[in-house]
Amino acid sequence: MNIKKHQQQNKILWIIAFLLISFIKLFSLNKNWVETFYSVKFYPFFSKILRFLFGWIPFSVGDFLYFAAGCWLLWKIIKNLKLLFKKKINYKIILKKCFRLLLVFAFIYIIFNIFWGINYNRRGIAYQLHLTHLRYDTADLIMLQNLLLQKVNISKVSAMRGNTVYPSKRDLFKRAHDCYDAAQSKYPFLKYRNPSVKSSFYGWLGDYL
């Protein structure tokens with residue numbers, strides 16, 4: 001591939017990335033659009049396709065992709081640092097590599113938003129449940145946090161004293177699915193079709209991250 005053709009392809013990719021990101025940002029500004037067109041219409045259909053394609057795999061494909069992307073990025077950093085210390089690359093090559101990396105991140109951002117991320121901008125569960133919006137401040141959030149923490153600690157102590165065996169992840173997933181089945185009778189939008197629930201690769205480490 002000659003240099004001009006490669007540069008032209010990069011320009012096209014940058015234009016596509018810019019247009020898609022601009023569309024995502026503008027679309028996400030309108031919560032009604034997100035709720036009506038993405039969260040209620042597009043995403044349920046799209047997520048069914050994803051569960052059909054990947055739901056049968058016993059591990060989280062997303063977690064594997066995160067791991068692969070992290071390994072790729074680490075390898076690229078080490079490789080380029082070696083070249084930099086050996087003085088085999090100049091500032092023009094570094095600049096090109098940085099732009100190429102930015103382009104990769106741009107398409108990761110686009111894919112993340114199309115696959116799920118736009119849901120961050122929907123109207124939310126309060127809108128779906130027709131809850132009254134009340135004003136709250138940081139002190140209210142701290143009080144709620146402490147209350148929930150206290151309840152969790154009491155439950156933990158009670159379980160330890162009663163020698164209660166903590167349920168397995170499979171049991172927890174089943175209970176969660178049963179709760180969704182019970183809730184959907186009152187709130188139909190909570191119906192969970194084609195269930196596919198998996199544990200994370202990263203366990204407690206992922207929780208802290």
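Me: Which residues is D63 in contact with, leaving aside its neighbours within four places in sequence?
Reply: They are S199, S200, F201 and Y202. Contact here means heavy atoms within 4.5 Å. Bear in mind that this is a predicted model: local features need pLDDT of at least 70, side-chain atom pairs count only at pLDDT 80 or more, and totals for chains, interfaces and linings use all residues. Residues are numbered from 1 along each chain as its sequence is written, and side-chain values use heavy atoms, leaving out hydrogens and water.

Me: What is the distance between the backbone nitrogen of F201 and the side chain of D63?
Reply: That nitrogen sits 2.8 Å from a polar atom of the D63 side chain.

Me: Why is D63 called buried?
Reply: Its relative accessible area is 10%. Buried means under 20%, exposed over 50%, and partly exposed in between (1.4 Å probe, protein chains only), so D63 goes in the buried class.

Me: How do you know that D63 has no salt bridge?
Reply: A salt bridge needs a side-chain nitrogen of Lys or Arg within 4 Å of a carboxyl oxygen of Asp or Glu. For D63, the nearest side chain of opposite charge is K169, and that is 9.2 Å away.

Me: How does the radius of gyration of the chain stand against the globule rule?
Reply: The protein chain has 23 Å, whereas a compact globule of 209 residues would be near 17 Å. The radius is taken over C-alpha atoms, and the rule is 2.2 Å times the number of residues to the power 0.38.

Terms used: Lys, Arg positive; Asp, Glu negative; His and termini not counted. Polar contact = N/O pair within 3.5 Å; in protein donor to acceptor, adjacent residues only side chain to side chain.
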